Amino acid sequence: MQTAYNVLLFVALLVAVVFSVLVLITGKGDAMSGGGSIRTSFKGKASFDDYMSKLTLILGASFFALMLLIDGVSNRIDLANSTHVSAPPVSNSKTGH
């Protein structure tokens with residue numbers, strides 16, 4: 001379970017870095033407009049800005065989903081660790097009192 005947590009954390013880190021770089025590159029302020037309407041050129045082909053807007057939306061949603069998965073795995077790891085708490089060691093030495 002710890003391996004799954006580490007893999008998810010690594011993938012989330014990669015998505016976060018790519019997402020941040022993409023937002024910094026686009027820099028127009030409309031990259032996070034929701035992606036509901038996609039502008040097209042006169043010929044009907046999507047422009048570079050349309051692809052970047054869609055990619056930004058996909059990366060943002062995947063980062064959100066990864067964070068939810070990581071939280072679920074982390075809670076499961078914590079639950080497993082809390083049920084396997086061992087008792088403190090018992091001393092077998094006799095003190096003579």
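Biologist: What percentage of the 97 residues in the protein chain is buried?

Modeller: Buried residues make up 15% of the 97. Bear in mind that this is a predicted model.

Biologist: What does the secondary structure of the protein chain come to?

Modeller: There are 2 helices and 0 strands.

Biologist: How do you know that the span of helix α1 agrees with its number of residues?

Modeller: Helix α1 covers residues 2–26, 25 residues in total. At 1.5 Å a residue, counted for one less than the number of residues, α1 should span 36 Å, and its end C-alpha atoms are 36 Å apart, so the two agree.

Biologist: Which residue follows α1, and what is its phi?

Modeller: Gly27 comes next, with a positive phi near 55°.

Biologist: Which residues of α1 are buried, and what do they pack against?

Modeller: The buried ones are Leu8, Ala12, Val15, Phe19 and Leu22, and they pack against α2, residues 48–83. As background, an α-helix has 3.6 residues a turn, so residues three or four places apart point the same way.

Biologist: Why is Leu14 called partly exposed?

Modeller: Leu14, which lies in helix α1, has a relative accessible area of 45%. Buried needs under 20% and exposed needs over 50%, so at 45% Leu14 counts as partly exposed.

Biologist: What share of the accessible surface of the protein chain belongs to carbon and sulfur atoms?

Modeller: They hold 67% of about 7800 Å².

How values were computed
Residues are numbered from 1 along each chain as its sequence is written. This is a predicted model: local features need pLDDT of at least 70, side-chain atom pairs count only at pLDDT 80 or more; totals for chains, interfaces and linings use all residues. Side-chain values use heavy atoms; hydrogens and water are left out. Helices (H or I, at least four residues) and strands (E, at least two) are DSSP runs, numbered from the N terminus. Buried means under 20% relative accessible area, exposed over 50%, partly exposed in between (1.4 Å probe, protein chains only). Contact means heavy atoms within 4.5 Å. Accessible areas come from the Shrake-Rupley method with a 1.4 Å probe; for residues, only the protein chains shown count as cover.
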